[in-house]
Amino acid sequence: MSERKKMTLPGLYAKVAEGTPITWLTCYDYPTAYLQDQAGVDMILVGDSLGMTMLGFDSTLPVTMEDMVRHTAAVRRGAPNVWLVGDMPYMTYQPSVETAIRHAGRFMAECGCDAVKLEGGVEMADRVAGIARAGIPVIGHLGLTPQSVSALGGFKLQGKGAAQAKKIVDDAKALQEAGAFCILLELVPDRLCQIITERAQHCIIMGLGSGPHAHGQLLIYHDAFALYPKFKPRMAKVFADAGAVIREGLNGYVKEVTAKTFPTQENWFGMPDAEFAELEKLLKGDTSGR
Ligand code: KIV
């Protein structure tokens with residue numbers, strides 16, 4: 001396992017204070033978590049985007065708490081040193097403050113999370129306050145909030161007009177006052193992100209597709225490594241085409257098995273001659289296995 005020191009909340013604030021951007025990626029499984037920890041990624045979000053990236057749904061809405069617990073605990077096993085954030089799935093916090101605290105607690109107790117994230121602004125401020133009062137670090141999520149994609153009219157830029165931008169600024173203030181230690185701004189204009197970052201008070205502002213001014217950047221792992229087959233959003237950069245590498249390997253596997261060039265002797269195990277002779281003796285006259 002890696003030699004890194006475990007990322008902590010003071011560690012994240014220290015990065016903000018020194019002006020070093022925080023790195024944050026989504027992750028949903030053990031081996032990828034291991035690689036991200038090795039690479040020195042600061043934070044991991046086990047997003048409910050796993051409904052799309054891992055389970056093949058068209059939205060995040062079908063994702064359950066059981067899905068999240070299973071994947072988040074696996075990520076923690078692979079990445080013991082990152083600041084691990086569990087994403088609260090649809091209807092695990094919207095119904096009431098009590099529901100929100102109970103489900104946030106499951107992420108901490110069953111998955112080893114460091115924090116949870118939920119979507120929404122002022123209307124979710126009491127949920128944020130309740131979770132924070134329970135001693136659980138909370139991240140708010142504003143701008144494009146995928147659980148409300150139907151109400152927002154699709155996966156598109158939020159806060160382009162002044163009135164909607166003002167509402168996002170107000171929402172960010174309400175979340176901070178409620179006790180959010182961090183806010184994710186997804187797909188808002190760069191200058192709106194800059195204003196919110198400049199006004200933040202002891203609150204870390206993270207951006208996804210929202211320009212360079214936030215305290216750090218989040219990317220969806222499957223977008224950054226070309227692993228999501230349906231589309232690549234403009235806000236994502238492909239850092240390596242893992243999809244192409246895997247596809248080439250798969251083609252090779254199919255070709256070699258079909259051509260009987262795999263497996264070769266180094267891929268199998270033999271049996272000592274004496275044992276094989278004994279086996280033949282034991283099987284002589286035994287027709288039960290035929
Ligand atoms: O579920 C997720 O990965 C997210 C990101 C889109 C921010 O919430």
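A salt bridge is a side-chain nitrogen of Lys or Arg within 4 Å of a carboxyl oxygen of Asp or Glu. Keep that in mind as we walk through this predicted model, where local features need pLDDT of at least 70, side-chain atom pairs count only at pLDDT 80 or more, and totals for chains, interfaces and linings use all residues. Residues are numbered from 1 along each chain as its sequence is written, and side-chain values use heavy atoms, with hydrogens and water left out.

By the salt-bridge rule, the count comes to 15. One of them joins K166 and D170, with N and O 2.9 Å apart. Both residues lie in helix α8 (residues 162-178), 4 residues apart, about one turn of the helix. Helices here are DSSP runs (H or I, at least four residues), strands are runs of E (at least two), and both are numbered from the N terminus. An α-helix has 3.6 residues a turn, so residues three or four places apart point the same way.

E177 and K173 are both exposed, while K166 is partly exposed at 48% and D170 is partly exposed at 37%.

Now look at the salt bridge between D42 and K15 (2.8 Å, N to O). D42 sits in the loop between α2 (30-39) and β2 (43-46) and K15 in helix α1 (residues 9-18), so this pair ties together parts that are 27 residues apart in sequence. D42 is buried, at 4% relative accessible area, and K15 is buried too, at 16%.

Next comes helix α5 (residues 97-111). At 1.5 Å a residue, its 15 residues should span 21 Å, and its end C-alpha atoms are 21 Å apart, which agrees; the expected span is 1.5 Å times one less than the number of residues. The buried residues of α5 are T99, A100, H103, A104, F107 and C111. They cover an arc of only 125 degrees around the axis, which puts them on the same side of α5; the arc is that of the directions from the helix axis to the C-beta atoms. What covers these buried residues includes α4 (65-78), β3 (83-87), β4 (115-119) and α6 (125-133). After α5 comes G112, whose phi is positive, near 70 degrees.

How values were computed. Buried < 20%, exposed > 50% of the residue type's maximum accessible area, 1.4 Å probe, protein only. Contact = heavy atoms within 4.5 Å.
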